[in-house]
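My entries follow in the order in which I made them.

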Amino acid sequence: MSERRRGISRRQVIAGFFTLLGFLMLFNYVPLALAGDTVVTRIALAVPQPVIAFPTAWSLTVIGLIALIAGVLGLSNRAQRWADGLLWTSAVLLFPAILIWAAAGKQTNATVMLSESLRLGTPLALGALAGIWAERSGVINIAIEGMMLMGAAFGFAIFIFTGNIWVGVIGAIVIGGIMALLHGALSISFRTDQIISGTVVNILAIGVTGYLRRQYIVVEGGGRITLPSISGLLTNAGFPDLARSLESIPVLGTLIFSGKPIFFAMLLLVIMTHIVLFMTRWGLRTRAVGENPKAADTVGIAVNRMRYFNVFISGCIAGLGGAWFSLETVGQFDDGMTAGKGFIALAAMIFGKWMPFGAFGGAMLFGFAEALGTRFQILQVQVFGGPVPVQFLQITPYVVTMIVLAGLIGRAIGPAAVGKPYEKQ
């Protein structure tokens, strides 16, 4: 009887990646280190000080050696505890290695880049939280992209007509909730395939927002609008004032307290989502209808009502994510300005295994990938004798999404009843 053939595990793939990476780093930088290469990378940890000078060749040699050892141990069947620790260490060291390589002979600010990663990860985290609220109750929500796009368009339009940015933000939240109710009606009440329902909402959002921009936003606003109230928003309320005073704290101040209101709202929503889903009766019922709706119905929980409420909350959070694009960042609305961020948010949700803090970590990973592309342009990174093409840098977040989903997150199993309409017997 033939022995069952075992495939290559995901752990071995990761170990193989670090083995290859470590070998390439040592091959390229050991000769330079031994030859006394004097190129250094200056990385600032705060503004303006301190600045740490890293010998480029020696730093990358050490990181490459750690990666090689981690990869070799990971491919073997020995010292697995050490191998796991070194693989995690190599993964963490990958980020400073990229910075040291990209800024060789120059200076860059690690704290500012991490702050930029948090900022760019804000809509992704909000979209991932929106997905968690819906899918934990059993409803697939791929319409997050459309809800965010509608929030961005209507929030900006409402701001133009009212002159009040807070009303614009509230409008974005409400329109996101309305689109979610449409998705809920199709997928919960009419039991339409939830993937098809979400696709319909996304297509509808593209058409409606394009019409709104051409007929009203451009005509009334003249295209790009300078929004002084956005730049002054941090000085117009008590909590933002406190944030500005805390911004002077070294490192932490730049990372956290340099953000704007929707960024702070995202951090608060991550914590609140975890508390509500895992520490309250509402969260227990939400998870019950997402895992076993028949059993939840048996004990008196209104399954479809719970799903409607959670999908509505999902849409409101997605609408807030849309407001980040048009009201907190660029001060205008452009067709398709969400640029697929809703789908990347779903990848962050899966990366985090439908857990709020895990999804937040996934969103920040993708935010870092986007910030890294911007940093490469600023540093004018050279590859094969020429600068990295801008087009390549723009696709970096999407490439990271595919790599993470295909090879790094392991087996991701969502709620048992997700995507399955429930009909009361």
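Before placing any residue, I note that helices (H or I, at least four residues) and strands (E, at least two) are DSSP runs, numbered from the N terminus. The model is predicted, so I keep to its rule that local features need pLDDT of at least 70 and side-chain atom pairs count only at pLDDT 80 or more, while totals for chains, interfaces and linings use all residues. Residues are numbered from 1 along each chain as its sequence is written, and side-chain values use heavy atoms, with hydrogens and water left out.

**Entry 1: N164**

I looked up N164 and found it in the loop between α5 (144-162) and α6 (165-189). For burial I use the relative accessible area, with buried under 20%, exposed over 50% and partly exposed in between (1.4 Å probe, protein chains only). N164 counts as partly exposed because its relative accessibility is 33%. The side chain of N164 reaches the backbone nitrogen of W166 at 2.9 Å.

**Entry 2: V39**

V39 sits in the loop between α1 (10-34) and β1 (40-44), and it counts as partly exposed because its relative accessibility is 34%. Taking contact as heavy atoms within 4.5 Å, and leaving aside neighbours within four places in sequence, I find V39 in contact with F54, P55, T56, A104 and G105. V39 and A104 are 65 residues apart in sequence, yet their C-alpha atoms are 6.7 Å apart in space.

**Entry 3: empty spaces**

Rolling a probe the size of a water molecule over the atoms shows where empty space is left. On a 1 Å grid over the protein atoms alone, a cavity is a set of points where a 1.4 Å probe fits but cannot get out, a pocket is an open set with protein on both sides within 12 Å along at least five of seven lines, and lining residues have an atom within 4 Å of a point. Grid points are joined across faces, edges and corners, and a volume is the space filled by probe spheres set on the points.

The structure holds one cavity of 30 Å³ or more, and the largest cavity has a volume of about 40 Å³. F18, L21, M25, I63, A67, S90, L94 and A97 line the largest cavity, with α1, α2 (56-75) and α3 each supplying at least two of the lining residues.

The second largest pocket has a volume of about 380 Å³. Its lining has 16 residues, among which V92, F95, P96, L114 and F368 lie nearest the centre. α3 (80-102), α4 (110-135) and α16 (356-379) are the elements that give two or more residues to this lining, and the largest share, five residues, comes from α3.

**Entry 4: the whole chain**

The protein chain has 18 helices and five strands, and 47% of its 425 residues count as buried. Among its contacts between residues at least 6 apart in sequence, 78% join residues at least 24 apart.

Key. A polar contact is a pair of N or O atoms within 3.5 Å; within protein, one must be able to donate a hydrogen and the other to accept it, and residues adjacent in sequence count only if both atoms are side-chain atoms.
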